[in-house]
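Welcome to this guided tour.

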Amino acid sequence: MSKLQALKNFRFPNVFILILIVFISCALLICINFFTIKILSANRAYVNGESHYSKGQKDASRHLITYLFTKNPAQWKLYLEELKVPQGDGIARITLLKAGDNEVARKGFLTGRNNEDDLDDIIWLFENFKNVSFLSKAINEWGQGDKLIFDLFVIGQQINAKIEHNILTAEDQKKYLKQISSISDRLTVNERNFSNTLGEGTRKIKDLLIIANIFFILVIVFSVCLYYSIMVKRLLISKKETEVKNENLVIVNRELDRFVYSASHDLRSPITSLKGLIEITALEDDVQQVRNYLQMMHQSLARQDQFISDIIDYSKNKRKEIIMEPVSLKELCNEAILQLMHIENASRIKFTQELLVDQIKSDGLRLKIIINNLLSNAIKYADCSKPEMFITIKTYFSEGQNKIEVTDNGIGIHDDNKAKIFDMYFGTNKNKGSGLGLYIVKEAVENIRGDISVFSESSVGSKFIVTIPDSYAV
């Protein structure tokens with residue numbers, strides 16, 4: 001065996017090991033982000049549920065006090081109706097603690113006015129993390145609150161019995177009023193402790209997510225760079241192989257350089273910003289300034305999250321097969337608006353929908369990517385200096401084709417940039433996006449055999465029109 005061949009055999013295993021490391025790191029990073037987002041989503045659902053629990057309890061107490069002094073049967077009915085909210089949550093808690101029927105727990109949570117779409121996450125978090133410190137403490141506070149709710153129920157029954165038998169005295173009214181107020185005050189403390197405990201758990205999870213992202217991103221970048229170094233050395237070993245494969249290899253290396261640059265800049269830049277903000281926050285005594293720094297940290301994480309989301313959309317659009325199926329444009333638009341309301345200034349924008357076409361036959365994944373990215377761009381590049389900001393979404397049938405039109409009165413696109421907006425990594429403001437959004441939109445539109453056009457004027461606004469051939473219409 002020649003020395004050259006021996007060297008090649010030595011290098012091959014290293015390359016495959018690095019690829020395996022990158023693959024495993026990416027898979028773990030995606031899994032960690034997925035489960036972290038799932039946990040944070042469930043935490044959010046619990047906090048939202050606590051607000052319904054608290055409101056139901058306070059409304060029930062108010063109606064019971066009114067009933068105590070007015071003896072109005074309508075107030076009694078309202079009291080019973082509002083008390084069902086915390087009672088429903090209590091039934092769900094007891095059922096899950098006993099590893100009972102999840103359907104019973106679901107009904108209890110629905111009675112507690114929790115959103116049906118959140119129930120799977122709520123039950124999943126309870127079943128898998130009920131013994132973890134932060135959730136265990138929250139469940140304990142929840143249980144104490146349920147005992148007080150039962151006490152409130154008992155007092156209500158006593159009041160109702162005395163009113164029905166017409167034996168309620170003024171002294172009874174004072175006694176029961178004092179008891180109801182005491183229970184309400186104690187419940188307020190329990191509810192506050194419940195929310196604070198979940199908030200503390202959420203912050204710890206965010207910290208772990210940042211550490212995990214930093215670690216795996218460094219592993220990926222290091223592995224990719226090392227892989228690149230090994231590939232270059234392999235090219236130097238055989239000049240003949242280099243000449244045969246040179247053209248393709250140049251293309252691969254160029255794409256690899258762009259990816260390494262984008263990954264190292266767009267993924268590590270928010271982390272660098274966070275580290276700097278953390279250092280100056282540690283030296284800051286002004287609470288308001290600390291809040292400002294925290295808001296800047298949140299924005300930095302949001303940019304990183306958007307970049308990761310763009311990479312995932314790009315991967316899905318590249319690799320997922322096209323599946324033609326009935327798709328509701330109305331559902332996709334409503335879902336996209338709801339998901340994008342977290343973006344800065346989104347709540348100030350007036351959204352208008354004129355959907356003359358709803359059901360079409362197309363690829364649901366690509367349409368979702370197209371609508372989400374167009375609306376996201378319109379929100380991010382809104383003109384905050386205008387007294388009224390709007391985004392209009394239209395769907396209609398014209399010239400034998402289905403059209404999706406997104407119009408805004410944002411900052412618009414400069415004439416010099418119109419030819420570049422669909423290029424990969426092109427962005428007029430890197431602080432607002434990764435530069436992948438419209439590139440992904442263009443590819444997704446082409447994958448469903450459609451077309452996209454843009455009309456824009458700087459400082460006036462933009463209009464994007466997506467055309468889908470009529471052959472796809474239901």
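Accessible areas here come from the Shrake-Rupley method with a 1.4 Å probe. By that method the chain exposes about 26,400 Å², and carbon and sulfur atoms supply 57% of it.

A word on the model before you select anything. It is predicted, so to speak of a local feature takes pLDDT of at least 70 and side-chain atom pairs count only at pLDDT 80 or more, while totals for chains, interfaces and linings use all residues. Residues are numbered from 1 along each chain as its sequence is written, and side-chain values use heavy atoms, with hydrogens and water left out.

**Stop 1: the whole chain.** Color by secondary structure and you will find eleven helices and seven strands (DSSP runs, H or I of at least four residues for helices and E of at least two for strands, numbered from the N terminus). Of the 474 residues, 41% are buried, meaning under 20% relative accessible area with a 1.4 Å probe, protein chains only.

**Stop 2: the largest nonpolar core.** Select Y46, L64, F109, W142, I159 and L198, the residues with the most contacts inside this core of 40. Such a core is a set of buried Ala, Val, Leu, Ile, Met, Phe, Trp, Tyr and Cys residues joined through side-chain atoms within 4.5 Å. Which helix gives the most to this core? Select α5, which supplies eleven residues.

**Stop 3: W142.** Leaving aside residues up to four places away in sequence, W142 touches Y46, Y53, D89, G90, R93, F109, F126 and F194; a contact means heavy atoms within 4.5 Å.

**Stop 4: the largest cavity.** Now show E50, Y53, D89, W142 and F194, which lie nearest the centre of the largest cavity among its 15 lining residues. A cavity is a set of points on a 1 Å grid over the protein atoms alone where a 1.4 Å probe fits but cannot get out, and lining residues have an atom within 4 Å of a point. About 160 Å³ of space lies inside, a volume being the space filled by probe spheres set on points joined across faces, edges and corners. Helix α1 gives the most to the lining, with five residues.

**Stop 5: helix α11.** Select residues 437-447. Eight of the eleven residues of α11 are buried, so this helix is largely enclosed by the rest of the structure. Among the buried ones are L438, I440 and E443. Just after α11, R449 takes a positive phi of about 60 degrees.

Conventions: Buried means under 20% relative accessible area, exposed over 50%, partly exposed in between (1.4 Å probe, protein chains only). On a 1 Å grid over the protein atoms alone, a cavity is a set of points where a 1.4 Å probe fits but cannot get out, and a pocket is an open set with protein on both sides within 12 Å along at least five of seven lines; lining residues have an atom within 4 Å of a point.
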